[in-house]
Amino acid sequence: MICCLNPDCSNPQNPNNHKVCQTCQTPLVTLLRNRFRVIRVLSDEGGFGRTYISEDIDKLNELCVIKQLAPKFQGTWSQKKAIQLFSEEAKRLQELGEHPQIPTLIAYFQQDNCLYLVQQFIDGQNLFNELQSRRIYKDWDIQSILLDLLPIIKFVHQHGVIHRDIKPENIIRRKSDGRLIIIDFGSSKQLTAQVQRKNGTSIGSHGYSPIEQIRDGKAHLSSDLFSLGATCFHLLTGISPFQLWMEYGYSWIDNWQHYLRFPLSVELVEIIDKLLQKEIQDRYQSADEVIRDLMKKHTHILPAANYNNIKTDIKNPQTHSSKYIWVRNLTFLLGIIVFVALAESGYREFRKLNPDFSFSWSQPRNSTPTSAISEKNLSLVNTFSGHKSKILSVVMSPNGKLIISGGDCPESKNIQCHNLKLWDVITGREITSLQGHSQNVNTVAITANGRILVSGSDDKRIKVWNLQTNQLIHTLNSHTDAVHSLAISADGKTLVSGSDDQTIKVWNLITGKLIRTLIGHKYWVRSVDISPDGVTLASGSFDKTIKLWNINQAEPIQDLATSLQTVIAVAFSPDGKILASSSRDRTIKLWNLQTRKEIRTLMVEDNSVNTIAFSPDGKILASAGRNISGEQNYHTIKLWNVATGEEMLTLTGHTNAVTSLAFSADGKFLVSGGEDNLIKIWQVSVKNDKNSARRGLVLDKTKFR
C-alpha cells in the first residue's frame with residue numbers, strides 16, 4: 001500500500017500501482033526525498049499535518065516516524081508559530097538525540113510546500129495504553145518509573161530545554177528492554193531569561209501542565225516536574241488530570257490523595273505532593289532534588305514494576321484485598337500444620353537412624369518461608385542497637401572482634417555525626433564512634449590485616465582511619481557527589497571508590513593520593529569491587545550497566561551486560577572466577593569471568609536485592625533487601641548455594657529493609673545491618689558431613705561463644 005500525504009484525505013491508503021489518491025485525487029509520492037516510503041498514518045495533527053509510520057530504504061527498510069507540517073492558512077500567525085515550533089523540535093531532537101531514551105533525528109527537509117521531520121521509531125507502548133491494559137500501578141511501580149524518567153528530564157534540562165508536555169501519551173516503554181522513552185518535543189522550549197520573564201504562548205496539556213504554563217505561557221524546569229507528578233497521579237488512580245482540571249481547575253491537586261485506589265508509602269506521598277504543588281516556589285526546582293528525596297528514603301531498593309499486562313478486578317479493591325488476605329492466611333496456616341506434622345514424623349525416624357545427631361539445617365530449593373521463620377531464633381546469635389537512625393553499611397574485622405557500622409545522619413546540619421561506630425562482638429556494646437563525617441556514612445571497608453578502616457559519605461568525602469588508634473589518617477576530597485561504594489585490594493595498597501558523580505576513583509591507600517579517575521558510566525556508580533588478584537575492577541551503576549575495568553587503565557575492558565534495571569550491587573567470588581550482580585528487577589546474576597557469560601539467574605520473589613556477599617570459601621552467596629509483599633516484619637536474608645543456584649536458607653529478624661551484609665573472615669558468621677537501626681549476627685558456618693555431597697551444603701547452628 002502507498003499512503004496519500006494530503007493531511008485532509010479521509011482514506012489515505014492506496015494500492016501500490018496507483019499514481020493519484022483514489023479518495024482525494026492528490027498525486028501520490030512513492031518516496032519522500034527518494035528515501036522514505038510512507039506506510040500509514042500514525043496520528044492526525046488537526047489540520048497542520050499528520051504523523052506517519054514509514055520505511056527508510058537507506059537503512060534496509062528500517063521503520064521510522066515522519067512528522068508532516070502542512071498548515072492551511074498561509075501567512076497567518078498560526079502558520080508562523082507552527083513553523084517555528086516545528087523547526088525548534090527538529091533542533092531539539094538533533095541536540096538531545098544522543099541520549100538513548102530520546103528519539104534520534106534522522107532528517108529534516110521541505111518538499112511540496114510541506115515540512116517533514118524524520119525521527120527514530122520506538123517500538124513499544126505508551127504509558128496511557130499500558131494503563132488501559134494493565135490498570136494497576138503500585139507504589140514500587142511509580143518509583144521505578146520516576147527513577148527511569150528523572151535522569152532523562154535532568155539531561156533535557158541540562159541542555160537548556162523544557163519539554164512542556166510530559167504526559168503518559170508521550171512516554172513509551174520500549175519493547176526491547178523495557179526502558180522508558182520521552183517523545184514529542186514539539187512543545188519544548190529553549191530555557192532563556194526571556195521565557196522566564198515574559199508571557200508566551202500557552203502550550204501543553206490541560207491537567208498535566210502547571211498553572212504558570214497554561215495561564216501565562218511561562219516555562220520553568222519545575223513545570224516539567226509538575227507534569228511528571230500529574231503523570232504519576234494518572235497511573236496511580238486511572239483518572240485523567242484533564243478531567244479533574246475541567247471540573248475543578250487546579251484545586252484537585254490539593255486533595256489528590258483522595259483519588260488513590262491503594263495506599264502509598266509516606267515517602268512517596270511526600271514526593272508526589274511536592275511535585276504537584278501549585279506555586280512554583282513550593283515545588284521541586286530540579287530533577288536532582290526529586291532524585292535526592294527518592295534516594296534518602298532508600299526507595300531505590302524496591303523492585304522494578306512487572307510490566308506484563310495484569311488483569312485485575314478493581315471495581316471493589318477492598319473486597320478483593322480482604323478475600324486475598326483471608327485465602328492467603330488460611331493457606332499459610334494449613335502449610336504450618338502440614339509442615340509441623342511431617343517434620344515431627346521425619347525427625348523421629350531420623351533420630352532412630354542417627355542417635356548421635358546434633359542439629360543442623362539444610363534448606364531445599366524453593367522451600368517456603370515457614371520453615372525458615374521457625375529457625376530464626378536458632379540462627380540469630382546477637383542483636384546490637386545504638387544507632388539513632390538507619391544503618392547503611394557493616395563490616396567485621398578479620399580477627400572477628402569488631403564490627404564497624406556506618407549509618408544515616410538525619411539531624412546533621414554541617415556538623416560532625418556520631419554515625420560511624422565500632423562494636424565489641426562478644427559483649428555487643430559500642431566501643432566508640434569515629435567523628436569526622438557531616439552526613440550519612442554510606443559505605444565502610446577494612447583492610448585484610450584489620451589495621452585500616454575506610455568510610456565514604458554523602459558529604460563527598462572518603463576518610464581513612466587507623467583502627468589501632470582510632471585516629472584519622474587521610475581525608476580524600478576528589479569526588480564531587482556522594483560516595484556510595486568502597487573496595488580495598490587484597491594487599492591493602494589500593495582503594496577504589498564509586499560515587500554519584502558518575503566516576504570511579506583509584507587511590508593509593510598508603511599515601512592517600514589519587515591515582516586515576518575512571519569515566520564511563522552515564523549515571524550514579526553505586527557498587528564497586530576488586531578481584532582477588534587486584535587487577536580487575538567491577539562496577540554497577542544506575543545507568544543499568546555492569547562494567548569490567550583493568551585497574552591500571554582508564555578505559556573499561558567490557559560492558560559485561562546491559563541490565564533492564566538499575567544495577568545495585570556487584571561482588572567477586574573469593575577465587576575471582578565468578579562475579580555476582582543484583583538489580584532492581586529482584587534478580588541475582590552469576591557471571592563466568594573467563595567466558596564473560598551468564599552462568600545462572602537467581603530469582604527473589606518477595607524481597608528486593610540491595611546487598612550481596614560471598615562467604616570466604618565462595619560456596620555461599622548471601623543476599624538481602626526490602627520486603628515488598630506487604631508483611632512488615634518479613635525482611636529476609638537469603639543464602640544461596642553458588643554451585644547449584646539453590647536457595648539454602650531464609651533468615652528473618654529485621655523489621656525493616658536490610659541494607660548491608662558481611663561475612664566474618666572464617667565464614668562462620670554473617671553480619672547484617674538494616675533500616676530498623678539494628679545490627680544482627682547470624683551463625684551460618686559450613687559443616688562437613690558424609691552426606692553433604694548428596695544434600696548440598698549444611699548450615700551448622702552451634703552456639704556462639
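Me: Is the crossing of α3 and α8 left-handed or right-handed?
Reply: The crossing of α3 and α8 is left-handed. Keep in mind that this is a predicted model.

Me: Thanks! At what angle do the axes of α3 and α8 cross, and within what distance do they come?
Reply: The axes of α3 (residues 139–158) and α8 (residues 266–275) cross at roughly 50° and come within 11 Å. Angles under 35 degrees count as roughly parallel and 65 to 115 as roughly perpendicular, so α3 and α8 are oblique to each other.

Me: Which residues make the contact?
Reply: From α3 there are Asp139, Ile142, Gln143 and Leu146, and from α8 there are Leu268, Ile272 and Leu275.

Me: And how does the contact of α3 with α8 split by class?
Reply: Five residues are nonpolar, one is polar and one is charged.

Me: Nice. Switching to strands: what is the order in the open sheet of four strands?
Reply: The order is β15-β16-β17-β18, and the pairing is antiparallel.

Me: Why is one side of β15 and of β18 left without a neighbour in the sheet?
Reply: Because β15 (391–396) and β18 (430–433) stand at the edges, and each has a single partner strand.

Me: How much are neighbouring strands of this sheet turned against each other on average?
Reply: By 20°, with direction ignored.

Me: Over how many bridges do β15 and β16 pair?
Reply: Five, in the antiparallel sense, with β16 covering residues 402–407. As an example to click on, Val394 stands opposite Ser405 in β16.

Me: New topic, β41. Is β41 mostly covered or mostly open?
Reply: Mostly covered: five of the six residues in β41 (residues 678–683) are buried.

Me: Which residue stands opposite Lys680 in β41?
Reply: That is Thr383. The strand β14 (residues 380–385) pairs with β41 in the antiparallel sense over five bridges.

Me: And what about β40, in which sense does β40 pair with β41?
Reply: Antiparallel, over five bridges, with β40 spanning residues 669–674. Within that pairing, Val671 has Ile681 of β41 as its bridge partner.

Me: Last one: which residue takes a positive phi in the hairpin of β40 and β41?
Reply: Asn677, with a phi near 70°. That hairpin has three residues between the strands.

Technical notes:
Residues numbered from 1 in each chain as written. Predicted model: local features only at pLDDT ≥ 70, side-chain atom pairs only at ≥ 80, totals over all residues. Heavy atoms only, no water. Pairing = 2+ DSSP bridges. Helix = DSSP H or I, 4+ residues; strand = E, 2+ residues; numbered from the N terminus. Axes fitted to C-alpha atoms, helices over the stretch in contact; angles between N-to-C directions. Parallel < 35°, antiparallel > 145°, perpendicular 65-115°, else oblique. Left-handed = near helix turned anticlockwise from the far one by under 90°. Contact = heavy atoms within 4.5 Å. Nonpolar A, V, L, I, M, F, W, Y, C, P; charged D, E, K, R; others polar. Buried < 20%, exposed > 50% of the residue type's maximum accessible area, 1.4 Å probe, protein only.
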